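Okay, thanks for making time, everyone. I'd like to walk through a few side-chain pairings in this one, so let me put it up on the screen.

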Amino acid sequence: LLAILIKIDSRGPTLYKQVRIGRDGKRFVMFKFRSMRTDAETQSGPIRTGPDDQRRTRVGRFLRRYSLDELPQLLNVFKGEMSLVGPRPCLPYEAEEYRRWHSNRFDVLPGITGLWQVSGKNKLTFKQMIRLDISYCQNMSLRLDLKILLLTFPTIVGFILEGIANRIRRSARALQANSPAEPIEAKKVPDSFVEQT
């Protein structure tokens, strides 16, 4: 159903393929539902990222808001390239910038969700993300995986609610900025003040 909506909404492939770094530093092709226009990477001029990114399609904004663009990664799970739980697979250029201890996160299969996602995600620093990933690798267990999976759904709901609240705040600010200022009533100066001056 999502694939059909993507096709109806914009031209281009349904899936977006991107090379990522997996277990033991091996490269693989990760799948996502396409959420951007096909000319997104060739656009010039300033780019506004985030929920107001003009490169995103209408369906793409919906997919990203509810993390539905990640669903095709189940294909990567079936192929044995990813797991349901694990560190997020990084891009090749990011891996090139890693320090030696950062590469410990490649000891396990990358995951669709993980400890970083349910611990604050974008609110955390890069170093905090790496430390969480390595902590997961060192303490990996079925119990921890189940805990992360159970925390993933409320975490996504929290991000959705936060996004709705931010949109409401932006709309309120826009309305406030566009509303005409109320005329200021001229205050009558008391006669006694006039006489004194």
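Predicted model: local features only at pLDDT ≥ 70, side-chain atom pairs only at ≥ 80, totals over all residues.

Let's begin at Tyr98, which is buried, with a relative accessible area of 13%. For burial, I'm calling anything under 20% relative accessible area buried, over 50% exposed, and in between partly exposed, with a 1.4 Å probe and protein chains only. Residues are numbered from 1 along each chain as its sequence is written, and side-chain values use heavy atoms, with hydrogens and water left out.

Now, aromatics. A pair of aromatic rings is described by the distance of the centres and the angle of the planes. My rule takes rings of Phe, Tyr and Trp (its six-membered ring) with centres within 6.5 Å; planes under 30 degrees apart are stacked, over 60 edge-to-face, and the rest tilted. That gives three aromatic pairs. Take Tyr98 and Phe126: the ring centres are 6.0 Å apart and the planes sit at 50 degrees, so we call the pair tilted. This one links distant parts of the chain, with Tyr98 in the loop between α4 and β4 (111-113) and Phe126 in helix α5 (residues 126-139), 28 residues apart.

On to charges. How many salt bridges are there? Counting a side-chain nitrogen of Lys or Arg within 4 Å of a carboxyl oxygen of Asp or Glu, we get seven. One of them joins Arg105 to Asp133, with the closest N and O atoms 2.6 Å apart. Here again distant parts of the chain are linked: Arg105 is in the loop between α4 and β4, Asp133 is in helix α5, and they are 28 residues apart. Both Arg105 and Asp133 are buried.

Then there's Glu70, which is buried at 19% relative accessibility. Glu70 has a salt bridge to Lys32, where the closest N and O atoms are 3.8 Å apart. Glu70 is in the loop between α2 and α3, Lys32 is in strand β2 (residues 27-33), and 38 residues separate them. Lys32 counts as buried too, at 14%. Glu70 also meets Arg88 in a salt bridge, at 3.3 Å from N to O. Arg88 is in the loop between β3 (83-85) and α4, 18 residues from Glu70, and Arg88 is buried, at 14%.

Next, Asp69, in the loop between α2 (58-65) and α3 (73-78). Is Asp69 buried or exposed? Buried, with a relative accessible area of 3%. The side chain of Asp69 makes a polar contact with that of Lys32 at 3.5 Å. By polar contact I mean N or O atoms within 3.5 Å; within protein, one must be able to donate a hydrogen and the other to accept it, and sequence neighbours count only if both atoms are side-chain atoms.

Terms used
Helix = DSSP H or I, 4+ residues; strand = E, 2+ residues; numbered from the N terminus.
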